[in-house]
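Let's take a walk through a protein fold together, one step at a time.

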Amino acid sequence: MSAPQLVSWNLTRRCNLACGHCYLDAVQRKSEAPGELSTEAALRVIDEIAEAAPGAMLVLTGGEPLLRADLVGLVARAAAVGLMPVIGTNGVLLDDDRARQLVQAGAAGVGVSLDSAAPGFHDRLRGRSGAWRGALTGMRAARAAGLAVQVQATLLADNRHELAGIAEVAQQAGALALNFFFLVCTGRGVTQTDMPQHLYERTLAQILELQRARPQLIIRARCAPYARRLLGLRAGEARDGYEAWSSACLAGREYLRVTPQGRVTPCPYIPEVAGDLNSERLAVIWNTSEVFGRPVPETCWVKIRNAPT
């Protein structure tokens, strides 16, 4: 089995926002959530990730990872062992000083959540007035410090008409890429309204057209593997700037996720536990767990089968 190329680690359930669609069901609190890995344990896990996935991109996210006091040290360790650390954040806590610290520690970039072209929808979804402006301020701080920026937008029926506007904001902010995530109804996301089937096809087509219109910005659909069907791409094929993996589901094939408690799952939306890093080494989990040896769970293909043709 080939080594993972991408590892996402939910460092904490703590968050400064209260997003209505949060897959982790993150909580606002002042102290560490019970069971989260200590700094010592987290450093050990980073070493294990480097052993199992040499050179992989390591996404340190949350909750809000900037709420972990040891974040800079974790980034430094990841960079020192040859990983590519990036931070997944809502951007609100990312100021000039923190951005500089992350760069000095070896961070390559940040992914900042932005769900609308103006404050209204974003602030409502994120549960806090000023969250939209905070995200833009965080992006500016990241760019000024030399961090690459990706914008992460969650798509719902209520904001799908803002595709072009979000792309304009992302490009003006100097983002390298814009990822449109189709909602997977897990965590608090089960309370949100997913897009009707007839809108999925239309929205995917608009995203692909948006990419053609804005070649300076990498624009991708995420958690929507059937985007490849519209491109006429079969598994493993690449064309027109789309890599072989682009828009496909990588869960359990080239990607894994670590929970705040140190458990390993194929991705944040597939909660089945493949192993526990408190008692097993990551390389052993990746290479021997039957969770990673099985085909992608049936639930992950429901939307693909039901998508309009």
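This is a predicted model: local features need pLDDT of at least 70, side-chain atom pairs count only at pLDDT 80 or more; totals for chains, interfaces and linings use all residues.

Residues are numbered from 1 along each chain as its sequence is written, and side-chain values use heavy atoms, with hydrogens and water left out.

Now for the overall picture. The protein has 11 helices and 10 strands; here helices (H or I, at least four residues) and strands (E, at least two) are DSSP runs, numbered from the N terminus. Of its 309 residues, 51% count as buried. Contact means heavy atoms within 4.5 Å. Among contacts between residues at least 6 apart in sequence, 67% join residues at least 24 apart.

How are the strands arranged? They form an open sheet of 10 strands in the order β7-β6-β5-β4-β3-β2-β1-β8-β9-β10, with mixed pairing. Two strands pair if DSSP finds at least two bridges between them. The edge strands, β7 (218-222) and β10 (275-276), each pair on one side only.

Let's start with β1, which covers residues 6-10. Of its 5 residues, 4 are buried, so β1 is largely enclosed by the rest of the structure. Strand β1 runs parallel to β2, joined by 5 bridges, and also parallel to β8, joined by 4 bridges. Trp9 has Val258 of β8 as its bridge partner, and Val258 also stands opposite Val264 in β9. Strands β8 (residues 255-258) and β9 (residues 263-265) run antiparallel, with 2 bridges between them.

The side chain of Asn10 makes a polar contact with the side chain of Arg257 (2.8 Å). A polar contact is a pair of N or O atoms within 3.5 Å; within protein, one must be able to donate a hydrogen and the other to accept it, and residues adjacent in sequence count only if both atoms are side-chain atoms. A polar atom of the Asn10 side chain also lies 2.7 Å from the backbone oxygen of Gly62. The peptide bond from Gly62 to Gly63 is cis, with omega near 15 degrees, and Gly63 is in the loop between β2 and α2.

Next comes Thr89, which sits in strand β3 (residues 84-89). Is Thr89 buried or exposed? Thr89 counts as buried because its relative accessibility is 4%. Its side chain makes a polar contact with the side chain of Glu64 (3.0 Å). Setting aside residues up to four places away in sequence, Thr89 touches Glu64, Leu66, Val110, Gly111, Val112 and Ser113.

On to β6 (residues 177-182), where 5 of the 6 residues are buried, so this strand is largely enclosed by the rest of the structure. Strand β5 (residues 148-155) runs parallel to β6, with 6 bridges joining them, and Ala153 stands opposite Phe180. From β5 the chain crosses through helix α6 (residues 163-172) to β6, and this β-α-β crossover is right-handed: with the strands pointing away from the viewer, the path from the first strand over the helix to the second runs clockwise. Strands β6 and β7 pair in the parallel sense over 5 bridges, with Ala177 opposite Ile218 in β7.

Finally, look inside. In soluble globular proteins, nonpolar side chains tend to be buried together. A nonpolar core is a set of buried Ala, Val, Leu, Ile, Met, Phe, Trp, Tyr and Cys residues joined through side-chain atoms within 4.5 Å. The largest such core has 69 residues, of which Trp9, Leu58, Leu102, Leu178 and Phe180 touch the most other members. Helix α1 (residues 39-52) provides the largest share of this core, 7 residues. A second, separate core of 5 residues includes Leu250, Ala251, Tyr255 and Ile270.

Technical notes: Buried means under 20% relative accessible area, exposed over 50%, partly exposed in between (1.4 Å probe, protein chains only).
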